[in-house]
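Keep the 3D view open while you read.

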Amino acid sequence: MSDLQVYKSNDLMMAGYKLSVAENRVILTCIAKINRNPEAQVTDQIMYNVTAREFAELCGITMKVAYAELKQAVDSLFKREISFSNAVRKRKTRWVQTADYLKNEGRIELRFATDILPYLVAIQSSYTKYNLRAVVRLSTFNSARLYELIVKSRFMCKGTVLLTLDDIRFAMDIPDDQYPAYADFRKRVIEQAIKEVNRASDINVLSFRPKRDGKRIVAIELRYEEKPNFGLDQIQEDLLLESSVAEPAKAKPKAPAKPRAASKRTPAISEAEIVAHAKPGESREQVIARIKANWKVIEAEVA
């Protein structure tokens with residue numbers, strides 16, 4: 001799966017939408033599985049499937065987290081909208097028309113919506129292609145969208161890209177009244193997204209600087225470079241939950257009886273996973289409680 005490529009029309013690259021990290025990973029994985037053979041007939045009746053095992057390997061997460069992410073994505077993807085805006089018309093559509101979770105088979109299936117398919121197939125010009133693995137290990141949705149906005153012009157601007165704040169907000173579905181001051185938007189959105197892009201994608205953002213229209217900052221200019229040896233080692237290891245459980249400081253003699261007690265031990269929840277699964281307006285405690293509740297559901301289904 002290391003050679004899977006994501007193809008999107010540039011209109012879709014600049015569209016506005018909001019997805020969770022899990023939902024975005026599922027959508028991109030299915031996009032990368034579309035048959036690109038010119039002789040192939042791709043219709044909205046084709047089902048794309050993602051197994052928990054391949055999803056865990058691709059995203060660098062454990063099987064338990066993979067099951068939870070796939071189930072969460074299927075539960076909510078059907079409701080997710082995409083907004084397109086140009087001088088002629090404004091359009092809203094959906095990503096999928098069918099989404100199934102096959103709990104006894106450890107996989108999901110989905111079918112793309114009719115209106116979104118033209119933005120994904122039969123793209124001959126004005127499109128962007130990138131390596132799926134450059135995005136699926138990013139732990140925030142905003143970092144994935146910033147990456148896409150950057151690489152959209154990768155083959156034209158060679159190391160420099162100018163992005164308007166309006167385009168960034170629209171692509172990430174961030175309203176104007178959220179972080180209205182540039183300083184806050186830079187700190188909460190741009191800098192955090194750049195940090196993730198540099199950590200896990202195939203490019204490094206070297207610097208960025210604001211561009212003004214009079215006194216008002218309206219855009220940022222980013223300088224970036226390709227990583228010469230992009231690989232998957234040391235990426236998102238903090239999501240490997242089993243290995244994150246601390247060992248006891250001192251070995252204690254084994255107590256007789258209750259040999260299964262250790263199996264009920266709940267793995268630690270990393271900060272990266274909390275960030276990846278957080279929803280707007282949730283407190284840290286609410287995110288942790290929801291993750292643990294999802295684990296219990298998954299354990300019951302696969303037991």
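## Helices that cross

Helix α2 (residues 21-32) packs against α3 at an angle of about 105 degrees, and their axes are 12 Å apart. That makes α2 roughly perpendicular to α3; angles of 65 to 115 degrees get that label, while under 35 counts as roughly parallel, over 145 as roughly antiparallel and the rest as oblique. A quick note on what you're looking at: this is a predicted model, where local features need pLDDT of at least 70, side-chain atom pairs count only at pLDDT 80 or more, and totals for chains, interfaces and linings use all residues. Residues are numbered from 1 along each chain as its sequence is written, and side-chain values use heavy atoms, leaving out hydrogens and water.

Helices (H or I, at least four residues) and strands (E, at least two) are DSSP runs, numbered from the N terminus. Axes are lines fitted to C-alpha atoms, for helices over the stretch in contact, and angles run from 0 to 180 degrees between N-to-C directions.

Which residues of α2 and α3 meet? On the α2 side they are Ala22, Arg25, Val26 and Thr29, and on the α3 side Phe55, Leu58 and Cys59, where contact means heavy atoms within 4.5 Å. By class, this contact of α2 with α3 has 5 nonpolar, 1 polar and 1 charged residues. Ala, Val, Leu, Ile, Met, Phe, Trp, Tyr, Cys and Pro count as nonpolar, Asp, Glu, Lys and Arg as charged, and the others, Gly among them, as polar.

Here are two further helix pairs:

| Helices | Axes come within | Crossing angle |
|---|---|---|
| α3 (residues 52-59) and α4 (residues 63-77) | 8 Å | roughly 110 degrees |
| α7 (residues 165-172) and α8 | 13 Å | roughly 45 degrees |

The angle between α7 and α8 makes α7 oblique to α8. Their contact is made by Leu165, Ile168, Arg169 and Met172 of α7, together with Tyr182, Phe185, Val189 and Ile190 of α8. Those residues divide into 7 nonpolar, no polar and 1 charged.

Back at α3, residues Ala52, Arg53, Phe55 and Ala56 meet Met63, Ala66, Tyr67, Glu69 and Leu70 in α4. This contact of α3 with α4 has 7 nonpolar, no polar and 2 charged residues.

β9 pairs with β11 (residues 216-226) over 5 bridges, and Leu162 has Glu221 in β11 as its bridge partner.

Terms used:
Pairing = 2+ DSSP bridges.
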